[in-house]
Amino acid sequence: MTVPTTETTPRLRPIPRFIFASRWLQLPLYVGLIAAQGVYVFHFWVELVHLLEAVFGNQTALQALVTSIGYTSDVKVTALNETIIMLVVLALIDVVMISNLLIMVIVGGYETFVSRMDLEGHRDQPEWLSHVNASVLKVKLGTAIIGISSIHLLKTFINAANYDEKVLIAQTTIHITFLLSAIAIAYTDKLMVRDAGGH
């Protein structure tokens with residue numbers, strides 16, 4: 001008859017235990033990002049309410065939208081047009097994508113660097129969280145930043161008449177830099193995984 005053994009966590013010496021416990025100093029940072037997420041949710045709903053009010057002819061809401069998207073025209077804007085709607089919708093998508101980025105940093109960062117969340121088997125566990133590590137998180141964050149940069153660039157091109165040529169060139173260059181950086185990170189990660197598999 002075999003006597004069952006219980007696995008015990010090895011007891012750390014005082015200094016390693018203190019150093020390891022220092023990871024909890026990151027907790028206020030993630031709580032702060034959750035607060036920032038709340039600010040983005042509030043901003044999203046303010047813009048959405050302004051858009052809905054402007055649809056029904058509210059001039060105050062319309063002017064608030066025009067100001068927030070930086071839209072200017074030779075004639076006074078008295079009603080929504082396709083360009084304004086498109087710019088506002090892109091701004092809302094931008095908020096959603098930044099919010100997604102925040103969730104990846106909060107959940108993935110906490111799981112990777114602070115403590116396990118024990119979400120295995122939970123029906124709402126994000127698919128990407130099951131195999132997240134520092135390398136995967138970097139690639140996913142890089143991809144998310146490219147998406148956000150793409151939205152900003154699209155907003156700029158739609159509203160290009162209100163921007164200087166230097167601004168357009170600078171934003172395009174920055175976007176290409178983000179793209180090349182993400183490709184370099186993904187390629188480096190692929191090489192590291194291949195080398196690890198070879199050993």
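## A pocket and the helices around it

The largest pocket here has a volume of about 260 Å³. A pocket is an open set of points on a 1 Å grid over the protein atoms alone, where a 1.4 Å probe fits, with protein on both sides within 12 Å along at least five of seven lines; grid points are joined across faces, edges and corners, and the volume is the space filled by probe spheres set on the points. Keep in mind that this is a predicted model, where local features need pLDDT of at least 70, side-chain atom pairs count only at pLDDT 80 or more, and totals for chains, interfaces and linings use all residues. Residues are numbered from 1 along each chain as its sequence is written, and side-chain values use heavy atoms, with hydrogens and water left out.

Who lines the pocket? There are 16 lining residues, and Ser68, Ile69, Ala91, Asp94 and Lys155 lie nearest the centre; to count as lining, a residue must have an atom within 4 Å of a point. By class, the lining splits into seven nonpolar, six polar and three charged residues. Here Ala, Val, Leu, Ile, Met, Phe, Trp, Tyr, Cys and Pro are nonpolar, Asp, Glu, Lys and Arg are charged, and the others, Gly among them, are polar. At least two lining residues come from each of helix 2 (27-55), helix 3, helix 4 and helix 5 (134-158), with helix 4 giving the most, five residues. Helices are DSSP runs (H or I, at least four residues) numbered from the N terminus.

Now for how these helices pack. Take helix 3 (residues 59-69) and helix 4 (residues 82-113): their axes come within 10 Å and cross at roughly 65 degrees. The axes are lines fitted to C-alpha atoms over the stretch in contact, and angles run from 0 to 180 degrees between N-to-C directions. That makes the two helices roughly perpendicular, a label for 65 to 115 degrees, while under 35 is roughly parallel, over 145 roughly antiparallel and the rest oblique. Leu65, Val66 and Ile69 of helix 3 meet Ile84, Leu87 and Val88 of helix 4, contact meaning heavy atoms within 4.5 Å. By class, that contact has six nonpolar, no polar and no charged residues.

Helix 2 and helix 4 pack at about 165 degrees with axes 10 Å apart, so they are roughly antiparallel. Their contact has 20 nonpolar, four polar and one charged residues.

Helix 2 also packs on helix 3, at about 130 degrees and with axes 8 Å apart, so this pair is oblique. Glu47, His50, Leu51, Glu53 and Ala54 of helix 2 touch Ala61, Leu62, Ala64, Leu65 and Ser68 of helix 3. That contact divides into six nonpolar, two polar and two charged residues.
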